[in-house]
Amino acid sequence: MNPRQQELAARIAGRRGAVRGPFRVWLHSPEMCERAESLGAFARFDCSLPRHLRELTLLMAARNWDAQYSWNAHVRQAIEAGVPEAAVKAIAEKREAVFEDEADQAFYRFCREVLEQHLVSDETFARALEHFGAKGLVDAIGALGNFTMLGMCLNAFQVDLQPDREPPFPDIRGFERVVPEGDRLQP
């Protein structure tokens, strides 16, 4: 590494414990790495959303992009922060997650519509705005965008799964989509 890359790697390791996952890729472009790390730190640690919703945005974006490394790195943290295990399982299996807390359900619906439909209905927006305000929704979009970029990086550069972790999604193996036997088109 050149001196700039070494400086960034030391800063990342100091804040995050080591240089892992996407940061190993982003260090090839120190300017990109510095900005991505800064946005990622804001989205994970400093934005206005409560911790469990920051972790939820990460899992939702990871699943949307089939980013197994990111999912595995955060699934325990999300559950420990208060995301219900049943909701985590539903997201992993691409099923509708249900939250007992009305605000959490509004947040989930908002994020899901953004990720899946690329638009948000007026009703969903109004419910989420009522609970989180404009700042919370801007922070949610920033977090989703950051974690989307993270998932794209992990998959495009085929960042290996952690060696001690199982693949988290039933329809992804390695960096390929698998189709369940009953879903295959018959000739």
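The model is predicted, so local features need pLDDT of at least 70 and side-chain atom pairs count only at pLDDT 80 or more, whereas totals for chains, interfaces and linings use all residues. Residues are numbered from 1 along each chain as its sequence is written, and side-chain values use heavy atoms, with hydrogens and water left out. Helices are DSSP runs (H or I, at least four residues) numbered from the N terminus.

**α4 with α6**

- The axes of α4 (residues 51-64) and α6 (residues 85-92) come within 9 Å and cross at roughly 20°, the axes being lines fitted to C-alpha atoms over the stretch in contact, with angles running from 0 to 180 degrees between N-to-C directions.
- That angle makes α4 roughly parallel to α6 (under 35 degrees is roughly parallel, over 145 roughly antiparallel, 65 to 115 roughly perpendicular and the rest oblique).
- Contact, meaning heavy atoms within 4.5 Å, is made by Leu56, Leu59, Met60 and Arg63 of α4 and by Val88, Ile91 and Ala92 of α6.
- These residues divide into six nonpolar, no polar and one charged, where Ala, Val, Leu, Ile, Met, Phe, Trp, Tyr, Cys and Pro count as nonpolar, Asp, Glu, Lys and Arg as charged, and the others, Gly among them, as polar.

**α4 with α7**

- The axes of α4 and α7 (residues 102-117) come within 11 Å and cross at roughly 30°, and the two helices are therefore roughly parallel to each other, in a crossing that is right-handed.
- On the α4 side the contact includes Leu56 and Met60, and on the α7 side it includes Phe107, Tyr108 and Leu115; by class, the contact has eight nonpolar, three polar and two charged residues.

**α3 with α8**

- The axes of α3 (residues 30-46) and α8 come within 9 Å and cross at roughly 135°, which makes α3 oblique to α8.
- α3 passes α8 in a left-handed crossing, with Leu39, Gly40 and Phe42 among the α3 residues in contact and Ala143 and Phe147 among those of α8.

**The course of α8**

- Helix α8 (residues 122-156) spans only 34 Å between its end C-alpha atoms, whereas a straight helix of 35 residues would span 51 Å (1.5 Å times one less than the number of residues).
- α8 bends by about 105° at Gly133, the bend being the angle between axes fitted to the seven residues ending there and the seven starting there.

Note on methods
A crossing is left-handed if the near helix is turned anticlockwise from the far one by less than a right angle, and right-handed if clockwise.
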